[in-house]
Amino acid sequence: MSTKRALIALLALSAAAWRAGAAVEELPDAAEVLRAGASHPAAPYTGEVSVVTWYGKRTRAKELLVHFSPPNRFRREIVDHSGYTAQIVVSDGKQEWVYDRAHGRVWKTTPEDADYKLLGPEEEFDLLAQNYDSRVTGQETVAGRPCWVVEIRGQKDSRSVRTLWIDQKTGVMLQTKSFLADGTVASTMRFVKIEFPGELDEELFRFTPPVGAVVVKSKLKPGYLELEDARIAGGVPPVPPKWLPNGYVFESVNVLPYNGSTFLHFKYSDGIDAMSLFQCPKSVRLDFGDLAEEPVRMAGGSARLSFGPDGKILEWPRQGQRFVLVGNLPLETLRRVAESVQ
Amino acid sequence: MTENICPAGELLSAYVDREANPSEERRIDLHLADCGACRSRVRSLGRLKTAVRNQPLPPLPAALKADLLALARDAQARAEGSWRGRIKAFFELLAASVATPAGAAAAAALLLALAWGGWRFGAGTNVPVDFVLAAHNEYARTMPLAATERIMTELPVQITSAGSEDKEDVY
């Protein structure tokens, strides 16, 4: 090769190397991106969201029209696959209204408030960091907006748990993908369209029931008790599980009355996922409705298992009480939790 | 029934009582989206249901309890320990007790009380799975990286299916 040709080749290689170097982007710290994603957005927005959930052998697709105004006011209109707006949920930050359009009924409900949880937000973030590895893997565009892509994997098994697309400017989670223990996709959420108009009409976050609508109060009430307080409030000794899946910690208990029966709701968190155990009288019969159920064997007897969009539901009787476990966990894990309830 | 044809009164009544089957309920949901007349009928049925539920039961006549117990003892003697005889005697007792309007109302009240007692204390409390799922999701919403939009596609239906406190207001 002549000197001239060698020089040209060297220059070409150098240029290519320089371009490659420039393309290596400066990626932010995953923890900082996740904190931005977990915070309430500072700017109001309006968007259209598409959600698909896979559970058991079923799939469910829905759309939402979302209006959000800081710090925590929102209006969500849930549209089913036929295009019908089935429910409207409006919150002024303290009170929520759920309007069931088809039946002309309005539910007034008080949502749980993260500020009152026994596990503070910093503790919960520490739990997340302890149980999961998070990494910003790059940038992608969602709904026309540049986002950081964050992958979250289990620390022990490196299993992918979530992938999040977080708006670089506002911290809004514009897309998420959740995975089951076997690696299959459990659900996807994606903003198809989003706008940040600066301010939104205040009327969007006020709810006036339509004339003739029946207004009722939801049976659900928030509560965040320690075990001993729950025993006094509920009048029954709590029977929590003796074994928990790796990374899960007890958060609090709530006491929920239902038609004369008292439910204790034990709440557990691993920083990302929630698990719930309900304890109630044996005379309670859980009606699975449209969800398919199947019998499963476990030590000490049998149980009923169902698959819902929110995870698996395991229900069994034990020593004069009935227990229900809800979580996005493998059946073997749920069974082990259940068998440790004594 | 198609979405465009108004459902019959009985079916609409079943719908208000949540006794229509899921596919009928779905068709009525879609029909109500476009039919103001049927929405008005649904509201009227809902108000009637509330009004009936809030009606007080008639008072129990003082001598009725003694009469019922006497009838029960006679019926038991006739049955001579046979379970078929006991069932027959029970229905004879019931027939005798409903011979008068007051007796009918009181017997209905007694049966309702027994049924409620059995349901409350022994026969089981039916709880829709949506009650526990709604409570779970209310908690799941408070997680730092909660999949809020996904949860909100399920939670409203779960809240409405979980049931409500008895008091209702019509706006």
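Of the 342 residues of chain A, 50% count as buried, in a model that is predicted. Chain A contains 5 helices and 20 strands, and among its contacts between residues at least 6 apart in sequence, 47% join residues at least 24 apart. Chain B comprises 171 residues, of which 38% count as buried, and its secondary structure amounts to 8 helices and 2 strands. Read along the sequence, these elements of chain B follow the pattern α-α-α-α-α-α-β-α-α-β. For contacts in chain B between residues at least 6 apart in sequence, 53% join residues at least 24 apart.

Strand pairing in chain A may be described from strand E1 (residues 45-55), which is joined to strand E2 (residues 58-69) of chain A by 11 bridges in the antiparallel sense. Within this pair, A:Gly47 of chain A stands opposite A:Val66 in E2(A). The hairpin formed by E1(A) and E2(A) has 2 residues between the strands, and A:Gly56 in this hairpin takes a positive phi near 60 degrees. E1(A) also pairs with E11(A), again in the antiparallel sense, over 8 bridges, and here A:Val51 stands opposite A:Met189 in E11(A).

An open sheet in chain A is formed by 7 strands in the order E13-E14-E15-E20-E19-E18-E17, with antiparallel pairing. The edges of this sheet are taken by E13 and by strand E17 (293-298) of chain A, each of which has a single partner strand, so one side of each is left without a neighbour in the sheet. On average, and with direction ignored, neighbouring strands of the sheet are turned by 20 degrees against each other. One of the residues placed in helix H4 of chain A is A:Glu228, which is partly exposed, with a relative accessible area of 42%. The C-alpha atoms of A:Glu228 and A:Val253 are separated by 9.6 Å, although the two residues lie 25 residues apart along the chain.

Pairing between the chains involves strand E12 (residues 214-218) of chain A, in which 4 of the 5 residues are buried, so this strand is largely enclosed by the rest of the structure. Within chain A, E12(A) is joined to strand E6 (residues 105-109) by 4 bridges, and the two strands run parallel; the bridge partner of A:Lys108 in E12(A) is A:Lys217. With strand E2 (residues 164-170) of chain B, E12(A) pairs in the antiparallel sense over 4 bridges, and the bridge partner of A:Val214 in E2(B) is B:Val170.

The structure holds 1 cavity of 30 Å³ or more, and the volume of the largest cavity is about 60 Å³. Residues of both chains line this cavity, namely A:Thr109, A:Thr110, A:Pro111, A:Glu112, A:Leu220, A:Lys221, A:Pro222, A:Asn254, A:Leu256, B:Ala135 and B:Glu138. The elements that give two or more residues to this lining are strand E13 (249-258) of chain A and helix H7 (129-140) of chain B. By class, the lining of the largest cavity has 5 nonpolar, 3 polar and 3 charged residues.

H3(A) gives the most to the lining of the second largest pocket, with 4 residues. The residues of this lining divide into 23 nonpolar, 12 polar and 13 charged.

Definitions and conventions. Residues numbered from 1 in each chain as written. Chains lettered and ligands numbered in written order. Predicted model: local features only at pLDDT ≥ 70, side-chain atom pairs only at ≥ 80, totals over all residues. Heavy atoms only, no water. 1 Å grid on protein atoms, 1.4 Å probe; cavity = no way out; pocket = protein on both sides within 12 Å on 5 of 7 lines; lining within 4 Å. Points joined across faces, edges and corners; volume = space filled by probe spheres on them. Nonpolar A, V, L, I, M, F, W, Y, C, P; charged D, E, K, R; others polar. Buried < 20%, exposed > 50% of the residue type's maximum accessible area, 1.4 Å probe, protein only. Pairing = 2+ DSSP bridges. Axes fitted to C-alpha atoms, helices over the stretch in contact; angles between N-to-C directions. Contact = heavy atoms within 4.5 Å.
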